[in-house]
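Here's a quick briefing on a predicted model.

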Amino acid sequence: MLTAIDDVTSTSLEPNSKQICAQSNTSGAVVYTVPTGKKFVGYCSHERGNWSQGYYAEIISADGGIARHTGGFSQMGGGTYPAMASPVLTLLAGTTVKNQGGSNYVCVMGVESDA
């Protein structure tokens, strides 16, 4: 559930928090990297995640682990390819989100705060 901007108070956010909204439609592009000393809590998705193989947001941890995330909040849904629910992700410092898959968008949206 979204919170209206008027309902957000300075005490409801962690100190030094920052809203992150980023996207890229360039295959292989880094969309977002969590800075040193920070964490990210939010969402990432690929707009064509369910359409065919090869379309996903690639999440690379600081130690080199890789996960593929398909679908999500920015997915172009349809009768044949329904959009999936977006899990809330917690990404730690050094974690990178990249676009993998054609000229379609990968989106990142959430809050960056002190770790």
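**Confidence and ground rules**

The chain's pLDDT (the predictor's confidence in each residue, from 0 to 100) averages 81, and 71% of the residues score at least 70. Residues are numbered from 1 along each chain as its sequence is written, and side-chain values use heavy atoms, with hydrogens and water left out.

- Among the elements, strand β2 (residues 30-33) has the highest mean pLDDT, 97, while β5 has the lowest, 87.

**The four-stranded sheet**

- Strands here are DSSP runs of E with at least two residues, numbered from the N terminus, and two of them pair if DSSP finds at least two bridges between them.
- An open sheet of four strands runs in the order β1-β8-β3-β6, with antiparallel pairing.
- β1 (18-24) and β6 (89-92) sit at the edges with a single partner strand each, so one side of each has no neighbour in the sheet.
- From one strand to the next, the twist averages 30°, using axes fitted as lines to C-alpha atoms and angles from 0 to 180 degrees between N-to-C directions.
- Seven bridges link β1 to strand β8 (residues 106-114) in the antiparallel sense, and Ala-22 stands opposite Val-108 in β8.

- Strands β4 (residues 56-60) and β5 (residues 66-69) run antiparallel and are joined by four bridges.
- Ala-57 has His-69 in β5 as its bridge partner.
- Five residues lie between the strands of this hairpin, where Gly-64 takes a positive phi near 95°.

**Aromatic rings**

- Rings of Phe, Tyr and Trp (its six-membered ring) pair if their centres lie within 6.5 Å; planes under 30 degrees apart are stacked, over 60 edge-to-face, and the rest tilted.
- That rule gives one aromatic pair: Tyr-32 and Phe-40, tilted, at 5.3 Å centre to centre with 50° between the planes.
- Tyr-32 and Phe-40 are both buried (under 20% relative accessible area; exposed is over 50%, partly exposed in between, with a 1.4 Å probe and protein chains only).

**Cysteines**

- There are zero disulfides (pairs of cysteine sulfur atoms within 2.5 Å).
- The sulfur of Cys-21 has its closest cysteine sulfur in Cys-107, at 9.3 Å, which is too far for a bond.
- Cys-44 is in no disulfide either, with the sulfur of Cys-107 nearest at 9.6 Å.
- Cys-21 counts as exposed because its relative accessibility is 57%, whereas Cys-44 counts as buried at 2%.

Key
This is a predicted model: local features need pLDDT of at least 70, side-chain atom pairs count only at pLDDT 80 or more; totals for chains, interfaces and linings use all residues.
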